[in-house]
Amino acid sequence: GVSEFIFTSIFVLEFLVKFYMLRCTYFKAAWNNLDFLLVIIAVADSWVIGPLFVDDDRMRNFLLLRILRLIRVLRILKLLRSRAELKVLLEGLGASLKSMVWVALLLGLTIYAAAIVSVTCFA
C-alpha cells in the first residue's frame, strides 16, 4: 500500500544519496551491498511486479520475491553494531523468550492434564 511505497521511496533515496557521496567505494562495504540488494528487491516488488500482476494468479510465481522481502529485517542488525544498549536489550529479550517457552510448555501440559481429568470425571 501507501506505506510500502513511502518506505521504498525512502530506501531508494538513501541509496542514491550514499552512492552519490561514496561513488564506487559504496560497494566495498558488505552492509551497503545488503542495502543495495534490499532496494532492488523492494523496487522490483513494489513498483514493477506489483502493478503488473494485481489480482492475478501469475503472482504466485513471484512468491520467492515476497519471501526475500523478509531480508529487510537484517537492516536491524546494522543498528546492533552502533548501539550497545540495543544489543543488551535484545540479548535480554532472547534470554527471556527461552524461559517463556518452558512456561508455555508447562502451561500446556497443565491444561492437557486438566482436560483429561475433566473428561474422565464429567463425561
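**Exercise 1. Find which residues make up the largest nonpolar core.**

Solution. The largest nonpolar core has 5 residues: F11, V12, F15, Y26 and V39. Such a core is a set of buried Ala, Val, Leu, Ile, Met, Phe, Trp, Tyr and Cys residues joined through side-chain atoms within 4.5 Å. Buried means under 20% relative accessible area, exposed over 50%, and partly exposed in between (1.4 Å probe, protein chains only). Next, look at where the core comes from. Helix α1 gives the largest share, 3 residues. Helices are DSSP runs (H or I, at least four residues), numbered from the N terminus. Now take V39. Neighbours within four places in sequence aside, V39 is in contact (heavy atoms within 4.5 Å) with F11, V12 and F15. In soluble globular proteins, nonpolar side chains tend to be buried together.

**Before going on.** This is a predicted model: local features need pLDDT of at least 70, side-chain atom pairs count only at pLDDT 80 or more, and totals for chains, interfaces and linings use all residues. Residues are numbered from 1 along each chain as its sequence is written, and side-chain values use heavy atoms, with hydrogens and water left out.

**Exercise 2. Describe the pair of F5 and W47.**

Solution. Start with the total: the structure holds 8 aromatic pairs. Rings of Phe, Tyr and Trp (its six-membered ring) pair if their centres lie within 6.5 Å; planes under 30 degrees apart count as stacked, over 60 as edge-to-face and the rest as tilted. The ring centres of F5 and W47 are 5.6 Å apart and the planes meet at 50°, so this pair is tilted. Then place the partners. F5 is in helix α1 (residues 2-22) and W47 in helix α2 (residues 30-52), so the pair ties together parts 42 residues apart in sequence. F5 is partly exposed at 47% relative accessible area. W47, at 33%, is partly exposed too.

**Exercise 3. Classify the pair of F15 and F19.**

Solution. The pair is stacked: 5.7 Å centre to centre, with 25° between the planes. Both residues lie in helix α1, 4 residues apart, about one turn of the helix. F15 is buried at 14% relative accessibility, whereas F19 is partly exposed at 31%. Step back to the wider group. F15, F19, Y26, F27 and F36 form one aromatic cluster.

**Exercise 4. State which elements have the lowest and the highest mean pLDDT.**

Solution. pLDDT is the predictor's confidence in each residue, from 0 to 100. For the chain, the mean is 82, and 77% of residues reach 70 or more.

Technical notes: Helices (H or I, at least four residues) and strands (E, at least two) are DSSP runs, numbered from the N terminus.
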